[in-house]
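Subject: Structure handover

Dear colleague,

Here is the structure you are taking over. My notes on the ligand site, the pockets and the backbone follow.

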Amino acid sequence: MSTYTIDTATSRATPSPAPMKRLTVPALRDRKGKEPIVALTAYTMRMAQLLDPHCDLLLVGDSLGQVIYGLPSTIPVSLDMMCAHGAAVVRGSWHALVAVDMPFGAYEASPAQAFESASRVLKETGCAAVKLEGGEAMAETVAFLTARGIPVIGHVGLTPQAVNALGGYGARGKGNAEHAQIIDDARAIAAAGAFSIVVEGVIETVANEVTAAVSCPVIGIGASAECDGQILVIDDMLGMFERTPRFVKRYDDLATRVGAAAAAYADEVRRRAFPTADQTYRAK
Ligand code: KIV
């Protein structure tokens, strides 16, 4: 069980800003065709604090399996991991809508299983919505959750939890049949009540058609600038990894900067140049 706010007296966190209203699900849904939705993934409290003033949506993606835990795919990610990181991100944010990914195996068996998992996510994290992967096959589940007060973001196109069935992470929608299926998938989950849809790793024309086909906002990743918003994995856009998908733009080169800082520290420790008087307690 978690609390949804940080105790700024005892944590390293900077003080919370003046109370503000978080972006709500209806407000985000209303952004269709308007100002683009700015979304990033976040997995930790401090990163959420840094991203929150700039983002409409913070997604606690199951990409944390690879990004934080070094797992080979998102498949081994558990509901416990999603709840722990989801709660941390809610504690570190005040303005953005926070959504948490449903991990593989926590929702596919039945709408009832999905409700049990999603209600746990909402209770333990304080987030406003969940995201789940899949199209037509998940429409019944999306309708079931939505009707019971759980807002759902859909995810179509390249769905990483299906990597074994898809055979890899290549772009989707190149052939006519796949193209048509992605549009049908988006239509099905939009009709079922998804308040937004992520479209990932598809050719541009497919992303544009998905965006035009549904009345909820479509958030692209490896998709199209014409989507209603964009999302990237935070560690990818910060340049934390040498290998990233082609659709990632690196806005920094943090991996190099972290390495340089660690090297400087190691050098000073070895030369006994750290700590200095500034970092040492002495009797007055
Ligand atoms: O898990 C994740 O980070 C995601 C985004 C890439 C959309 O699903």
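By class, how many nonpolar, polar and charged residues does the lining of the second largest pocket have? The lining has eight nonpolar, seven polar and five charged residues. Here Ala, Val, Leu, Ile, Met, Phe, Trp, Tyr, Cys and Pro count as nonpolar, Asp, Glu, Lys and Arg as charged, and the others, Gly among them, as polar.

This is a predicted model, in which local features need pLDDT of at least 70 and side-chain atom pairs count only at pLDDT 80 or more, while totals for chains, interfaces and linings use all residues. Residues are numbered from 1 along each chain as its sequence is written, and side-chain values use heavy atoms, with hydrogens and water left out.

Second largest pocket

The volume of the second largest pocket is about 340 Å³. Gly-134, Gly-135, Thr-159, Ala-162 and Asp-185 are the closest to its centre among the 20 residues that line it. A pocket, on a 1 Å grid over the protein atoms alone, is an open set of points where a 1.4 Å probe fits, with protein on both sides within 12 Å along at least five of seven lines; lining residues have an atom within 4 Å of a point. Grid points are joined across faces, edges and corners, and a volume is the space filled by probe spheres set on the points. Strand 5 (152-157) and helix 8 (176-191) each supply at least two residues of this lining, and helix 8 gives the most, with four residues. Helices (H or I, at least four residues) and strands (E, at least two) are DSSP runs, numbered from the N terminus.

Largest pocket and ligand

The largest pocket, with a volume of about 690 Å³, is the space taken by the ligand (more than half of the ligand's atoms lie within 2 Å of the grid points). Its lining has 27 residues, and Ser-63, Gln-66, Val-233, Asp-236 and Pro-245 lie nearest its centre.

The residues surrounding the ligand (a heavy atom within 4 Å) include Thr-41, Asp-62, Ser-63, Lys-131 and His-155.

- Ser-63: 2.5 Å
- Lys-131: 2.9 Å
- Asp-62: 3.0 Å

The protein covers 95% of the 260 Å² of accessible area that the ligand has on its own (Shrake-Rupley method, 1.4 Å probe).

Backbone

Most residues other than glycine have a negative phi, and most peptide bonds are trans. Arg-272 has a positive phi, near 55°, and the peptide bond from Phe-274 to Pro-275 is cis, with omega near 0°. Arg-272 is in the segment after helix 11, and Pro-275 is in the segment after helix 11 (254-270).

Regards

Terms used. Polar contact = N/O pair within 3.5 Å; in protein donor to acceptor, adjacent residues only side chain to side chain.
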